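Subject: Structure handover

Hello,

Here is the structure you are taking over. Please look through it before reading on; my notes come after it.

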Amino acid sequence: MDGDEKIKILVVDDRPENLTALSETLDDPNCEVITALSGEQALKEVLRAEFAVILLDVQMPGLDGFETASLIRKRRKSRSIPIIFVTAINKEDQYVYKGYTLGAVDYLFKPFDIDILRSKVAVFVDLFRKNRQIKAQARLIQEGERRERARQVAEVQRRGERRYQNLADLVPQLVWIITRDLRFEYVNQRTLSYFQLDSERIAGLILEEVVHRDDLEGKKGAWREALLAGAELSVEVRLRRGRDGGFRWHLVHIQPEHDARGRVRAWLGVATDIDDQRRVAEALAAEKERLSVTLRSIGDGVITTDTDGRVVLLNRAAEKLTGWTQEEAAGRPLAEVFVVREAPYVREAVNMSGAVVTGGGPDHQAVLIGRDTREWAVATGITPIRDANGQVQGTAVVFRDVTDAQRLEEERQKASKLESVGLLAGAIAHDFNNILTAIMGNISLAKLYTSAGEQVFDRLEEAERAALWAKDLTQQLLTFSKGGAPVKRPIEIGSVVRDSAEFASRGSNILCEVSVNAQVIVEADEGQIRQVVHNLVLNAQQAMPEGGRVWVSIDEVRRTAYDGHGLVPGRYAEVVCRDEGVGISKENQARIFDPYFTTKLKGSGLGLATSYSIVRKHNGIITVESEPGQGAAFRILLPASDMRLPSLVDTVGRVRRGHGRILIMDDESFIRDVLGRLFTHFGYEVGYAKDGAEALAAYKGAVEEDRPYHVVIMDLVIPGGMGGREAVRKLLEFDPKAKVIVSSGYSNDPIMANYRHYGFCEAVSKPYRNEELRTVVQKVLAP
């Protein structure tokens, strides 16, 4: 190359007018400006000539500036040509970082200061000229002049290095040269300031000493591989800051510097601080993830739209309620995805552009129609989404499924009504039971004056049986009132079921056939068991409106192992009620024992639910088997008992007579009278009291007279006076050995089922037959 040959400057831009302007700006007698309209043309020019500097436009069709620079750097002869990026568009930090990463010496924005551009280009032209002069002098200087020539070359190099250093000190990045073993050989001023070291102390510093250990473990291998291969390396690492020992993230680009033989002499490095950008990006990503997780996990449905009212996002709850997935709904009009009725405001807002929605909380009731036509009661609110400047960016629809809440409210209202009815039913049942007690007591007295087989005796037994059925009717009333556990007594289940089934079917258009195949004793509340049988027969009758047959059977079965219903192994009484009605669908069989569930137009939905509750309280199970059109079979299993029924006659067949004193406490005089007559006939001496206060006084007086009462029968509820609950407590304080029987027309009162807890020995529910009452008294008086 001739020493007087003009120094070439390559200017690359896809706009001819820009090339002309830059050519005129850089016009110098000693320089030749070569222009190229594309990256491809620039690469051809680089192959043909050497250039002191390349001014490279970033935004170009075909090969852009970054791609062109990358290809220039890959060619050994051209990789050291200084490149200055110029652009009018790509001014963001990410493009600046990318430019420096590709090895650019500068990155200028259009329009730029002409003098600064000329100055920067002049630096590189001068560097190129000096280098060219050195090469020329090297060829011309003879061996005898080698030392002088070497001195001049060294001086030129030193001047070039100083200029390079001055240029490097101007850039905001950390710039360094490190040896092959990664020791610092040169750093710019920014690096010295960052590490807070002087040039002497930094000379022995190893790059790996300032890199975070966690990053070093993963990056060291990559550095070693780059060293061995002589390749460039770009990596994000944390560098230690000298003044506080903290670390900041940097984008580090390292490329090799080769000697004359093409061997790697050192490594050039540039580190750009990206810590703030990274933290912002991480914070945004974390916030976005938190928002996404929150939206996906909340129970309310959320749909967001753009300003055109098209769906942008659905969370999981919205997907479930609408039936649309995020992928399916994205881009669709909100009114197509969120279909509502019975809510004019919501419907109008959904069909409007998001920019005109005024907003509102989730307090508008609507019916959401899902994609599968399912309907949901929802509370809905629609509000605009605004940016930091208050501009509407879209809408947010928030809606909550309140279907269950509405159903619960309806059930609460229904339960409240039933509770009111229950209070009335309980009072009616109490009074009715008191009346029945007098009726049944007098019937029992009348039977004592007749003999079995007489016509009068038979009529009295019919009347007594009718009174017992009236008692069962009061139990039906008490279904609606709050009650406690069953009052269990040993009963022969077969006779109870037979009487109940025949009574329930009497006067109807069905034929009820009862077969008692085994005599089984169970401990049960007779009234509640009668109610269960009555409900099952009534259910069968309603399933056969045109009439039909019902079969009821009683057997004894054995369970040898635990089953899925929780029954323990042992003996059980099995009651089966089978009809030939319309049957029950599989779907309804799963809900047939649910409260208020019914398929009948006039049904209350309480009969089978009550039966289920009663059977479970007796530690039994009730199941159903049915096929539509083939009738239904209800099966009840109740634990069998080894207890014996109490005997009412002695060994010679005569009614056992009693002896002792009995105190009867009841607020109804006709009940006191009839009970007194019965017990007097059975051989007992009877005293009376109309409330707890009189009973306590009578009991204490009898003790003082040394004629104590052996048994006290107390009515549980005394309107306006002391009832049995308070009276028994005070009586036991006076005489802990007192024997007290509780009697009440409120048969479902919790005290009746847990009478021992309150101090009573036994309990009898009104109305009762004389045999039942006499048996309880004899049991209490037994030694």
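Below is what I found, from the whole chain down to single residues.

The model is predicted. The chain has 783 residues, and 45% of them count as buried. The secondary structure comes to 25 helices and 28 strands. Of the contacts with a separation of 6 or more, 60% are between residues 24 or more positions apart. The accessible surface is about 40600 Å², and carbon and sulfur atoms hold 51% of that area.

Nonpolar cores

The largest nonpolar core has 38 residues. Ile 493, Val 522, Leu 536, Val 552, Phe 634 and Ile 636 are the members that touch the most others. Helix H18 (residues 526-543) gives the most to this core, namely six residues. Ile 493 is in contact with Val 520, Val 522, Ile 529, Ile 554, Ala 573, Val 575 and Leu 638, leaving aside neighbours within four places in sequence. Another core lies apart from this one; it has 29 residues, among them Leu 197, Val 211, Leu 233 and Leu 239.

Met 544 sits in the loop between H18 and strand E20 (548-559). With a relative accessible area of 3%, Met 544 is buried. Its contacts beyond four places in sequence are Asn 509, Ile 510, Arg 549, Val 550, Asp 579, Glu 580 and Gly 581. Met 544 and Ile 510 are 34 residues apart in sequence, with 8.0 Å between their C-alpha atoms.

Aromatic pairs

There are ten aromatic pairs in the structure. Tyr 194 and Phe 195 make an edge-to-face pair, with 5.5 Å from centre to centre and 70° between the planes. Both of these residues, Tyr 194 and Phe 195, are buried. Phe 679 and Tyr 684 are also edge-to-face, at 5.8 Å centre to centre and 80° between the planes. Phe 679 and Tyr 684 are buried as well. Elsewhere, ring pairs join Phe 66, Phe 85, Tyr 95, Tyr 107 and Phe 109 into a cluster.

Salt bridges

The structure holds 32 salt bridges. Arg 248 and Asp 275 form one of these, at 3.6 Å from N to O. This pair links distant parts of the chain: Arg 248 is in strand E9 (residues 247-258) and Asp 275 is in helix H10 (residues 275-297), 27 residues apart. Both Arg 248 and Asp 275 are buried, Asp 275 at 1% relative accessibility.

Asp 275 also forms a salt bridge with Arg 279, where the closest N and O atoms are 2.5 Å apart. Here both partners, Arg 279 and Asp 275, lie in helix H10, four residues or about one turn of the helix apart. Arg 279 is partly exposed, with a relative accessible area of 49%. Arg 248, Asp 273, Asp 275, Asp 276 and Arg 279 are linked in a network of salt bridges.

The side chains of Asp 642 and Arg 571 also meet in a salt bridge, at 2.7 Å from N to O. This pair links distant parts of the chain too: Asp 642 is in the loop between strand E23 (632-639) and strand E24 (661-665), Arg 571 is in strand E21 (residues 570-579), and they are 71 residues apart. Asp 642 counts as exposed at 70% relative accessibility, while Arg 571 counts as partly exposed at 21%.

A buried arginine without a salt bridge

Arg 672 lies in helix H21 (residues 669-681). Arg 672 is buried but has no salt bridge. The nearest side chain of opposite charge is that of Asp 666, 5.6 Å away. Beyond four places in sequence, Arg 672 touches Ile 664, Asp 666, Asp 667, Tyr 688, Ala 689 and Lys 690.

Positive phi

Most residues other than glycine have a negative phi. Asn 619 is not a glycine, yet has a positive phi of about 65°. Asn 619 lies in the loop between helix H20 (607-617) and strand E22 (621-626), and is exposed at 52% relative accessibility. Asp 706 likewise has a positive phi of about 65° and is not a glycine. Asp 706 is in the loop between helix H22 (692-704) and strand E26 (711-715), and is exposed, with a relative accessible area of 65%.

Regards

Methods:
Residues are numbered from 1 along each chain as its sequence is written. Side-chain values use heavy atoms; hydrogens and water are left out. Helices (H or I, at least four residues) and strands (E, at least two) are DSSP runs, numbered from the N terminus. Buried means under 20% relative accessible area, exposed over 50%, partly exposed in between (1.4 Å probe, protein chains only). Contact means heavy atoms within 4.5 Å. Accessible areas come from the Shrake-Rupley method with a 1.4 Å probe; for residues, only the protein chains shown count as cover. Lys and Arg count as positive and Asp and Glu as negative; His and the chain ends are not counted. A salt bridge is a side-chain nitrogen of Lys or Arg within 4 Å of a carboxyl oxygen of Asp or Glu. A nonpolar core is a set of buried Ala, Val, Leu, Ile, Met, Phe, Trp, Tyr and Cys residues joined through side-chain atoms within 4.5 Å. Rings of Phe, Tyr and Trp (its six-membered ring) pair if their centres lie within 6.5 Å; planes under 30 degrees apart count as stacked, over 60 as edge-to-face and the rest as tilted.
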